Amino acid sequence: MTRKVADCRRTPSVMNCTLTITGEEEEVVRAAAEHAVSVHGHEDTAELRAMVREELEDEKVPA
């Protein structure tokens, strides 16, 4: 299974957050949503989790 990456640097914010979360898709979506709520003040909604999921990229593993 390909691991997924959520990188806060790809989403503009006044905090200039640099957090990167890597893991299996559901783990990353859950952790990224929790981060968005606790650090960035968002509400944990289905829309937030859908947005996180859309922004995920496959982990690039060095050859």
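Modeller: One term to begin with: a residue is called buried when its relative accessible area is under 20%, and exposed when that area is over 50%. Also, this is a predicted model.

Biologist: How many bridges join E1 to E2?
Modeller: Four, and the two strands run antiparallel. E1 is residues 4-7. Within that pairing, Ala 6 has Ile 21 as its bridge partner, and Asp 7 stands opposite Thr 20.

Biologist: What is the strand order in the sheet?
Modeller: The order is E2-E1-E3, in an open sheet of three strands with antiparallel pairing. E2 and E3 (57-58) are the edge strands, each pairing on one side only.

Biologist: And what angle does helix H1 make with E2?
Modeller: About 155°. H1, residues 25-38, lies across both E1 and E2.

Biologist: Changing topic, where is Cys 17?
Modeller: In the loop between E1 and E2. Its C-alpha atom is 9.0 Å from that of Asp 7, ten residues away along the chain.

Biologist: Why does Cys 17 count as buried?
Modeller: Because its relative accessibility is 15%, and the cut-off is under 20%.

Biologist: What does Cys 17 touch?
Modeller: Leaving out residues up to four places away in sequence, Cys 17 touches Cys 8, Arg 9, His 35 and His 40.

Definitions and conventions:
Residues numbered from 1 in each chain as written. Predicted model: local features only at pLDDT ≥ 70, side-chain atom pairs only at ≥ 80, totals over all residues. Heavy atoms only, no water. Pairing = 2+ DSSP bridges. Contact = heavy atoms within 4.5 Å. Axes fitted to C-alpha atoms, helices over the stretch in contact; angles between N-to-C directions. Buried < 20%, exposed > 50% of the residue type's maximum accessible area, 1.4 Å probe, protein only.
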